[in-house]
Amino acid sequence: MAAAVEIQGLSCRFGGVKALDAVDIRLSPGEVLGLIGPNGSGKTSLFNLLTGHHNPEAGAILLDGLDLAGQSPSQIARFGIARTFQNLRLLRRLSVYENVRAARHACAPLRDAFWLSPAARRQERDSLMNLLDIFGLSEKAQKTPAELTLVQMRHLEIARLLAADPKLVLLDEPAAGMTSAETQAITEVIATHVLPGRSAIVIEHKMQLVAALCPRIAVLNAGRKIADGPTGQVLADSAVRQSYFGAKPC
Ligand SMILES: Nc1ncnc2c1ncn2[C@@H]1O[C@H](COP(=O)(O)OP(=O)(O)OP(=O)(O)O)[C@@H](O)[C@H]1O
């Protein structure tokens, strides 16, 4: 079941840099929010706080009413938050198949990683191979990530995210480095296989993807939220256009 998320007065600082400054964001169950803003505006820092990779200077994050303060990244993953990384975090020594299997077991009871009945192991294998098939990766199951193209690596990251069956997904520039046609293809995969039944926040500079997936967007600028509302309305806002697009939308 999709999670509701409440981010209240969230602030984060790196030395003299205020990466986030009293940011409030509320997400209803099943809602998909686009998060945009210029480079260095705090988008990835927000994800790092949501997943427990960084600690806030102030503020709170509630997932289905549960306060995430002080929880480790692995505990937060077990509560149902999964993310992808802008610069990819794949297990480079493992096969493509073992990458999705490791992601599934990161959120399953520990004993399942060591002992499964033969029937359960077959069921797991079928389910993970089906997942790889959705991303066009089943024929690459025994390859290592280094043998994949950049686009295939991005698909594998999303497959790993889905293997954990999260309630809230955080996608950090899922179409980075992709052509327009590749962006269209990943947009369709995300719409069909990732978003249904889940809440999501999507960071992306490509408006083609944001406009297709996100009915609502929030805009960060220098760590502050400067707009939040229906996508068409926010993109037409003159302050947003000035801070993010400069002269014209990309
Ligand atoms: N680990 C860190 N140590 C020091 N400064 C950091 C760290 N992480 C982020 N920052 C700084 O915090 C600010 C916000 O960075 P962040 O990566 O969150 O922005 P962003 O909006 O995701 O940018 P981009 O679109 O380029 O990915 C920047 O000034 C950045 O240099």
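The structure is a predicted model, in which local features need pLDDT of at least 70 and side-chain atom pairs count only at pLDDT 80 or more, whereas totals for chains, interfaces and linings use all residues. Residues are numbered from 1 along each chain as its sequence is written.

The shell around the ligand is formed by Phe14, Val17, Ala19, Gly37, Asn39, Gly40, Ser41, Gly42, Lys43, Thr44, Ser45 and Gln86, a residue being near the molecule if its C-beta atom, placed from the backbone, lies within 6 Å of it. Two or more of these residues come from each of strand 2 (17-27) and helix 1 (43-50); helices (H or I, at least four residues) and strands (E, at least two) are DSSP runs numbered from the N terminus. Helix 1 contributes the most, with three residues.

Strand 7 (168-172) is mostly covered, with five of its five residues buried. A residue is buried if 20 or more other C-beta atoms lie within 10 Å of its own, exposed if 12 or fewer, and partly exposed in between, with C-beta atoms placed from the backbone. In a regular strand the side chains alternate between the two faces of the sheet. In strand 7, Leu168, Leu170 and Asp172 point one way and Val169 and Leu171 the other way, and all are buried. Strand 7 pairs in the parallel sense with strand 6 (residues 81-83) over three bridges, and Leu168 is the bridge partner of Ile81. Pairing requires that DSSP find at least two bridges between two strands. Strand 8 (residues 199-203) also pairs with strand 7 in the parallel sense, over five bridges, and here Val169 stands opposite Ala200.

Most residues other than glycine have a negative phi. Asp165, in the loop between helix 6 and strand 7, has a positive phi near 45°. Asp165 counts as partly exposed because 14 C-beta neighbours lie inside 10 Å. Glu173, in the loop between strand 7 and helix 7 (180-194), likewise has a positive phi, of about 50°, although it is not a glycine. Glu173 counts as buried because it has 20 C-beta neighbours inside 10 Å.

Helix 3 (residues 96-106) and helix 6 (residues 150-163) pack at an angle of about 35°, with their axes 7 Å apart. Axes are lines fitted to C-alpha atoms, for helices over the stretch in contact, and angles run from 0 to 180 degrees between N-to-C directions. The crossing of helix 3 and helix 6 is right-handed, the near helix being turned clockwise from the far one by less than a right angle. Val96, Asn99, Val100, Ala103 and Arg104 of helix 3 meet Leu156, Ala159, Arg160 and Ala163 of helix 6; two residues are in contact if their C-beta atoms, placed from the backbone, lie within 7 Å. The residues of this contact divide into six nonpolar, one polar and two charged.

Val240 lies in helix 10 (residues 238-245) and is buried, because 21 other C-beta atoms lie within 10 Å. Apart from neighbours within four places in sequence, Val240 is in contact with Val219, Ile226, Ala227, Val234 and Leu235. The C-alpha atoms of Val240 and Ala227, 13 residues apart along the chain, are separated by 7.2 Å.

Conventions
Nonpolar A, V, L, I, M, F, W, Y, C, P; charged D, E, K, R; others polar.
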